[in-house]
Amino acid sequence: MVEPIKMTTRQEREGILHEAGFNPFLIKAEDVIIDLLTDSGTGAMSASQWGGLMEGDESYAGSKSFFHFKETVQDLTGFKHIIPTHQGRAAERILFGVVGKAGKFIPNNAHFDTTRANIEHVGAVAQDLPIPIAKEPSALDPFKGNIDTKRLRAFIKDKGPENIPLVMITVTNNTGGGQPVSLANIRETSEICKENRIPFFIDACRFAENSYFIKMREKGQGDRSVKEIAQEMFRLADGATMSGKKDGHVNMGGFLALNNDLWSEQARNLLILTEGFPTYGGLSGRDLEAYAIGLKEVLDEEYLKYRIRSVQYTGEKLTAAGIPLVLPTGGHAIYIDALNFFPQIPREQFPGQVLCCELYLAGGIRGVEIGTVMFGKSKPAVEYQGLELVRLALPRRVYTQSHMDYVCEVLIEVFKNRKTLKGLKMVYEAPTLRHFTAQFIQT
Ligand SMILES: *Cc1c(COP(=O)(O)O)cnc(C)c1O
């Protein structure tokens, strides 16, 4: 598909941003020139996927498209039960509805926000166990997404294996900057889980990007295909959740896959309650068809090379201009360190949000603040201690190198003017998830 980009002037964008209360979430997509808000569901489908939509079988039960989907996921993962869902969080809600409750603990390298929310929703505790170097934005490490296996062992001992229904690893580590997890780390985690008889699950949203990083960076993996690496990764686990909106190359879709018969039966019963019959799970037959094709296409190594290289290329250009980033660049996004970008703007005046607004004003680019606006709160006060980041996420198969060159030019221009910029004041905040609707004024 080819989509026109509407060009706007700086003066028009000033009016639009004002209207949106200095919150890029409230800007109409058509008023954005380059949209890097998220890589979730924003990718372009291939000709083959569009062709697949035409062949979608919309039978209520046992549709041909379901079996195509099921066989594709089974070939990739080896799991016994494949349960389609409308997106990743539906798979999480169902899984934790089955295994989670008060008094239970779910460790992960770093939980994605919907995963954490679904665990906490059933009264269980979501525990992040990243390796210590993950907290240092500029420290170079090939597998900064790894789980801290030493802490995992200690955590299991402390809480008791009987209170840990499953251990998770998120590939790539989205919350930690899209950083990959090594195969060695996944193998060791799998071993630890076996020793303690705890099931091991993978949050597989970006399994192909992670497998590509393993091929590129891990000793002894360079001669294997990305598909072989992905197949081994899944076979070290007992189950997986996935959002197809990432490495599924679809605009909507997800799955829960697992080996446990009892859990799977309970999951299917929950699925029928809110998502649909187990052979469609909230998706149309055509969606399942496109998802099955997308799961094969995402393993194309030329595609992965172009994607990962685009992120790296952008990172190199920005680093050469002196712009502080989370390094090394990960799989799906560039993360800018806003506290170091604007040393004159204190956290209380939202340096990340200022950068998002300036990117929009200067070049019509939309990114997202991941810092105090997203994680802080004024009533009751919650002070955020983590990094103040701006994420520029790359939709799949949408933008080319020249689009990224434009993004770099705009960002470098904003960086040159950084000392003249001032903070923002928040004048409206919703009681939960305030970043979506917050309103600001300039200080
Ligand atoms: C997007 C995402 C999810 C949730 O998937 P949705 O399709 O948005 O519900 C879960 N985990 C990770 C790591 C993600 O990136």
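Visitor: Where is Asp247 found, between which two strands?

Guide: Look at the loop between β7 (239–243) and β8 (254–258); Asp247 is there. Keep in mind that this is a predicted model.

Visitor: Why does Asp247 count as buried?

Guide: Buried means under 20% relative accessible area. Asp247 has 0% relative accessibility, so it counts as buried.

Visitor: What makes the link between the side chains of Asp247 and Arg396 a polar contact?

Guide: The cut-off for a pair of N or O atoms is within 3.5 Å. The side chains of Asp247 and Arg396 are joined at 3.1 Å, so the pair qualifies as a polar contact. The side chain of Asp247 also reaches the backbone nitrogen of Glu209, at 3.1 Å.

Visitor: Which residues is Asp247 in contact with, leaving aside its neighbours within four places in sequence?

Guide: Among them are Cys205, Phe207, Met242, Leu295 and Val298.

Visitor: Okay, on to the ligand. Which residues come nearest to the ligand?

Guide: Out of 14 residues around the ligand, the nearest are Arg89, Asp203, Arg206, Ser243 and Lys246. A polar side-chain atom of Arg89 sits 2.7 Å from a ligand oxygen, and an N or O atom in the side chain of Asp203 is 2.8 Å from a ligand nitrogen. As for cover, the ligand on its own has 380 Å² of accessible area, and the protein covers 97% of that.

Visitor: How many residues of each class does the shell around the ligand have?

Guide: There are two nonpolar, six polar and six charged residues. Helix α4 (residues 88–99) gives the largest share of the shell, three residues.

Terms used:
Residues are numbered from 1 along each chain as its sequence is written. This is a predicted model: local features need pLDDT of at least 70, side-chain atom pairs count only at pLDDT 80 or more; totals for chains, interfaces and linings use all residues. Side-chain values use heavy atoms; hydrogens and water are left out. Helices (H or I, at least four residues) and strands (E, at least two) are DSSP runs, numbered from the N terminus. Buried means under 20% relative accessible area, exposed over 50%, partly exposed in between (1.4 Å probe, protein chains only). A polar contact is a pair of N or O atoms within 3.5 Å; within protein, one must be able to donate a hydrogen and the other to accept it, and residues adjacent in sequence count only if both atoms are side-chain atoms. Contact means heavy atoms within 4.5 Å. A residue is near a molecule or strand if one of its heavy atoms lies within 4 Å of it. Accessible areas come from the Shrake-Rupley method with a 1.4 Å probe; for residues, only the protein chains shown count as cover. Ala, Val, Leu, Ile, Met, Phe, Trp, Tyr, Cys and Pro count as nonpolar, Asp, Glu, Lys and Arg as charged, and the others, Gly among them, as polar.
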